[in-house]
Amino acid sequence: MNTVNDLDLRQDVAVLTEQLMNINSVSGNEQELADKVHAALLEFDHLQVHRDGDSIVARTTLGRDRRVVLAGHLDTVPLPRTDGARGTVPAQVIDGVLYGRGATDMKGGVAVQLALAAELTEPKHDITYIFYDHEEVAASKSGLGRLTRNSPQLLAADFAILLEPTNGTVEGGCNGTSRFVIRTHGTAAHSARAWMGHNAIHDASQVLRRLAEYQPQTINVEGLEFREGMNAVRIAGGVAGNVIPDHCEVEVNYRFAPDKTLEQAEAVVLELFDGFDIERTDGSNGARPGLDQQIAAELISILGQEPKPKYGWTDVARFSALGVPAVNFGPGDALLAHSDNEHVPQQAIRDCLSSLRSWLG
């Protein structure tokens, strides 16, 4: 008999989402939720279940001609600190809307995965369901990255969907992202005799000027318009209130279209800031849209909506790097992710389930 804390994968998917949201799974604290997901999936004989840390993979092995991956992360960003915020744990239901951490990012999508895993014993394609930890933190901790290293054969497929929030339409591929630190160097002096030194913070104004004058591009990749962006996201410098600063750092984030490799994106930044001391500190390739597959066209036809580009970076890029075309498709508005007002209509979760059921069933 199920206990009150067990997951019932056959209940209303919106109620299942609420149940998932009521389990705090801030990055690093996924074990309780991973344990429950693992135990729930083991109940179904049509699934082969594999676990790696707090990541779980469940697969059908029916010998179908094609295999599809449905993937989603179990973790959330930290809970809001604002008093009275609705984006908390446990969830609240107000007029058919679920409020709470993970509502859009992305326990609604995870609930859809679990419901399909339980229901589809004879899907049109073989399906691999992936539930992974540590998506909302440094890429080096990613559970999906760990699966890629430890068990790449479990990720092999003809097509993949990441159930990140997309307001119920397909968002193809994703932009790449990179971060750079640009350093300026000066000479320290007492601020009462500033002419004896050289102000590194003042020199940083040239970095900011080049950024302000830079015109980001919009680039068509396989029919989707990807908007790029290059912005200062952090600035630091100085020693004390009476010292002319001898150093300053400006951190720049470049979001680039998936027509470029990470190395080509770096070349753009190096050219723009020619003459400065610059270092790339992080970066990830984007992913091309993946919409040139017949299997993708079938999903788009069911939805009846024009696909859009994904401007942010998502784990579709990991699948793309493995040679698996991938798109984003899930319930909820991505603009609400990580907000203190995170919420998703219950019906949006049900609609997502219905669409994927039609596509796979």
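Me: Why are α1 and α3 called oblique to each other?

Reply: Look at where their axes cross. Helix α1 (residues 13-21) and helix α3 (residues 103-119) have axes that cross at roughly 125° and come within 9 Å. Angles under 35 degrees count as roughly parallel, over 145 as roughly antiparallel, 65 to 115 as roughly perpendicular, and the rest as oblique. An angle of roughly 125° belongs to that rest, so α1 and α3 are oblique to each other. Axes here are lines fitted to C-alpha atoms (for helices, over the stretch in contact), with angles from 0 to 180 degrees between N-to-C directions. Keep in mind that this is a predicted model: local features need pLDDT of at least 70, side-chain atom pairs count only at pLDDT 80 or more, and totals for chains, interfaces and linings use all residues. Residues are numbered from 1 along each chain as its sequence is written, and side-chain values use heavy atoms, leaving out hydrogens and water.

Me: Which residues of α1 and α3 meet?

Reply: From α1 there are Val-13, Leu-16, Thr-17, Leu-20 and Met-21; α3 brings Ala-103, Lys-107, Gly-108, Val-110, Ala-111, Val-112, Leu-114 and Ala-115. Contact means heavy atoms within 4.5 Å. The residues in it split into 10 nonpolar, 2 polar and 1 charged. Ala, Val, Leu, Ile, Met, Phe, Trp, Tyr, Cys and Pro count as nonpolar, Asp, Glu, Lys and Arg as charged, and the others, Gly among them, as polar.

Me: What makes β13 and β16 edge strands?

Reply: Their sheet is open, with 4 antiparallel strands in the order β13-β15-β9-β16. β13 (229-237) and β16 (277-284) each have a single partner strand, so one side of each has no neighbour in the sheet. Strands (E, at least two residues) and helices (H or I, at least four) are DSSP runs, numbered from the N terminus.

Me: How do you know that β9 and β15 pair?

Reply: Two strands pair if DSSP finds at least two bridges between them. β9 (residues 176-185) and β15 (residues 247-256) have 10 bridges and run antiparallel, so they pass that test. As one example, Thr-184 has Cys-248 in β15 as its bridge partner. Helix α5 (residues 200-213) packs on this sheet, touching β9, β13 and β15, and its direction makes about 15° with that of β15. Helix α6 (residues 262-272) lies across β9, β13, β15 and β16, at about 155° to β16.

Me: How many aromatic pairs are there?

Reply: The count is 2. One of them is Phe-159 with Trp-359, an edge-to-face pair with 6.1 Å centre to centre and 70° between the planes. Rings of Phe, Tyr and Trp (its six-membered ring) pair if their centres lie within 6.5 Å; planes under 30 degrees apart count as stacked, over 60 as edge-to-face, and the rest as tilted. Phe-159 sits in strand β7 (residues 159-162) and Trp-359 in helix α9 (residues 346-360), 200 residues apart.
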